[in-house]
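I opened my notebook to look up a few things in this structure. I start with a single residue, then go to the whole chain.

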Amino acid sequence: MPVNEATEAAHRVLDQVERAVVGKRAQLTQVLAGVLAGGHVLLEDLPGLGKTLAARTLSQALGLRFTRAQFTPDLLPSDLTGSYLFNQNTGEFTFREGPIFTGLLLADEINRTPPKTQSALLEAMQEHQVTVEGHTFGLPRPFHVLATANPIEHEGTYPLPEAQLDRFLLRLSFGHPTVDQEWEVVQRRIARRTEDQHVDAVLDAEGLLAVQATVEGVHVAESVGRYAVALASATRHHASALVGASPRGSLALVTVARAMALLDGRDFVIPEDVKALAIPALAHRVSVRPELWLNNVTSEAIVGSVVEQVPVPDASDVRPSGR
């Protein structure tokens, strides 16, 4: 698919989602960039700020099959992946697919279930398959996870293991709307006369795969790629960091920067793409030293300081050769 057609389709997806989610175009753009980059996105914020609504309407606009799994303390891994059930008619065990066999899975309040169940997503998110009782089942393509999480200080939540966090391409938050935006939400609800919201499909599974293939063709100059690597590497040497971003962080940063370039109508990445996505792509991969917790030092602050310190490369060579 040509870049201009892919960009136009992506913008129409955002326009549809904005019919339901008010005033969050920038955050929705980053969520869509994560999907176009072939990854998974973690939405971490307070309840009631539109995380679930954004996930559901995005799946509708993308034309993907949508399933929702409500994560609770008693949720079992088999409740996600599926399990073998005995069929009395045939006398054999048959596999019953769980909600993970879908196009877009909403893992709602993922940090309200213990790590054992959280880890059931690891293989699916990385390998696009699940293994149940020694048998491996491939997941449909495209397959994406949009997970929501409440702040960890809320009662009844479990911290996501580092390995689980590392599988998410981005971690984002929506934040509270302005007074005018909140009033628009109320106005739309009054005019709609129903709680349910539905948006039109812009793409389908094949269309999304075509856009994702276009993202893979976006050019990344060596200077820009090295800039992303330098940012991730700098987090490992920061004085406030216990653990910095792994090489998967560098890959995530470059991959989602390509999607952001496409959303901006370009077939090449510029340093500003990388810079703008550094915190969403790297902060959840950085652990703060325990002795600094009481000083309100955050992983976002660590990545922010790294962005300020690492020199931004000259943008003169970012275009593909011959242009």
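**Entry 1: serine 78.** Does serine 78 count as buried, partly exposed or exposed? I am working with a predicted model. I looked up the relative accessibility and found 31% for serine 78. Buried needs a value under 20%, and exposed needs one over 50%. So serine 78 counts as partly exposed, at 31%. I also looked up where serine 78 sits, and it lies in helix α4, residues 77–81. Next I checked a distance from serine 78 to glutamate 97. The two are 19 residues apart along the chain. Their C-alpha atoms are separated by 9.4 Å.

**Entry 2: threonine 102.** I looked for threonine 102 and found it in a loop. The loop runs between strands β4 (92–97) and β5 (104–108). Is threonine 102 buried or exposed? Threonine 102 has a relative accessible area of 1%, so it is buried. I then listed what threonine 102 touches, leaving out residues up to four places away in sequence. The list holds Arg65, Phe66, Thr67, Pro140, Pro142 and Phe143. Arginine 65 came up again when I looked at polar atoms. Its backbone oxygen lies 2.9 Å from a polar atom of the threonine 102 side chain.

**Entry 3: serine 299.** I moved on to helix α13, residues 299–309, where serine 299 lies. Serine 299 has a relative accessible area of 9%, so it is buried. Which residues does serine 299 touch, not counting those up to four places away in sequence? I noted Arg171, Ala283, Val286 and Val288. I also found a polar contact of 3.3 Å between the side chains of serine 299 and glutamate 300.

**Entry 4: the whole protein.** I counted 13 helices and eleven strands in the secondary structure. The radius of gyration is 20 Å, close to the 20 Å that the globule rule gives for 323 residues, so the protein is as compact as a globular protein of that length. I put a box around the C-alpha atoms, along the principal axes, and got roughly 70 × 45 × 45 Å. How many of the 323 residues count as buried? I wrote down 49%.

Entry 5: Last, I looked at the 28 positive and 38 negative charges. Their mean positions are 1 Å apart.

Definitions and conventions: Residues are numbered from 1 along each chain as its sequence is written. This is a predicted model: local features need pLDDT of at least 70, side-chain atom pairs count only at pLDDT 80 or more; totals for chains, interfaces and linings use all residues. Side-chain values use heavy atoms; hydrogens and water are left out. Helices (H or I, at least four residues) and strands (E, at least two) are DSSP runs, numbered from the N terminus. The radius of gyration is taken over C-alpha atoms; the globule rule is 2.2 Å times the number of residues to the power 0.38. Buried means under 20% relative accessible area, exposed over 50%, partly exposed in between (1.4 Å probe, protein chains only). Lys and Arg count as positive and Asp and Glu as negative; His and the chain ends are not counted. The place of a charge is taken as NZ of Lys, CZ of Arg, CG of Asp or CD of Glu. A polar contact is a pair of N or O atoms within 3.5 Å; within protein, one must be able to donate a hydrogen and the other to accept it, and residues adjacent in sequence count only if both atoms are side-chain atoms. Contact means heavy atoms within 4.5 Å.
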